[in-house]
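Subject: Structure handover

Hello,

The structure is below, with notes on what was found in it. Please look it over alongside the text.

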Amino acid sequence: MMSIVLEDKDHEIAPVPTSAGGGKGEPEMDLLSNILSSFHDLFGNFNWKDEDQVKKHIASLPEKVAKDKNYQNAMRNSDKQNAKIESEKALDKAIIDLMADNMEIFKQFNDNQSFKKWLSDMVFNVTYNEAGTIYEGQPRI
């Protein structure tokens with residue numbers, strides 16, 4: 001045991017500052033154009049038949065995935081890991097639906113694990129929110 005002896009004087013303790021932010025700050029966001037630019041940097045060496053169409057289809061995937069009811073439910077009522085699983089299932093469905101319009105993306109998604117991981121992570125980061133709201137519009141991650 002230890003005893004502490006304080007001087008017998010009146011002291012005032014300053015209040016805790018309220019101007020400093022606490023908790024998590026908002027993450028820095030990238031616009032879809034930056035995401036697609038990184039896509040081009042990573043996967044631009046593929047001989048895409050129509051790279052602009054590929055980018056357009058990839059840009060449409062976050063909104064399609066976000067509309068999946070199971071994914072929305074997982075975001076609202078489960079943890080981030082389960083939401084990621086549902087996001088990947090919804091992305092699989094969206095890629096299959098996309099197959100008729102762009103077989104190249106489907107093929108890369110199924111044959112190239114680095115492309116699949118990049119696309120899965122990008123879509124999840126763009127769409128995930130704990131409120132389970134549907135992502136619409138220009139994506140940000």
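**Core and helix packing**

Leaving aside residues up to four places away in sequence, I95 touches L61, I105, F106, F109 and L119, where contact means heavy atoms within 4.5 Å. The model is predicted: local features need pLDDT of at least 70, side-chain atom pairs count only at pLDDT 80 or more, and totals for chains, interfaces and linings use all residues. Residues are numbered from 1 along each chain as its sequence is written, and side-chain values use heavy atoms, with hydrogens and water left out.

The protein has 6 helices and 0 strands; these are DSSP runs numbered from the N terminus (helices H or I, at least four residues; strands E, at least two). Buried residues make up 33% of its 141 residues, buried being under 20% relative accessible area, exposed over 50% and partly exposed in between (1.4 Å probe, protein chains only). Of the contacts with a separation of 6 or more, 69% are between residues 24 or more positions apart.

The largest nonpolar core has 28 residues, and I58, L61, L91, I95, F115 and L119 touch the most other members. Such a core is a set of buried Ala, Val, Leu, Ile, Met, Phe, Trp, Tyr and Cys residues joined through side-chain atoms within 4.5 Å. Two or more residues each come from α2 (51–66), α3, α4 (80–98), α5 and α6. The most, 7 residues, come from α6.

α4 and α5 pack at about 140° with axes 8 Å apart. Axes are lines fitted to C-alpha atoms, for helices over the stretch in contact, and angles run from 0 to 180 degrees between N-to-C directions. The two helices are therefore oblique to each other; under 35 degrees counts as roughly parallel, over 145 as roughly antiparallel, 65 to 115 as roughly perpendicular and the rest as oblique. L91, D92, I95, I96 and L98 of α4 meet I105, F106 and F109 of α5. By class, this contact of α4 with α5 has 7 nonpolar, no polar and 1 charged. Ala, Val, Leu, Ile, Met, Phe, Trp, Tyr, Cys and Pro count as nonpolar, Asp, Glu, Lys and Arg as charged, and the others, Gly among them, as polar.

The axes of α5 (residues 103–111) and α6 (residues 113–127) come within 5 Å and cross at roughly 105°, which makes α5 roughly perpendicular to α6. Their contact has 4 nonpolar, 3 polar and 2 charged residues.

Regards
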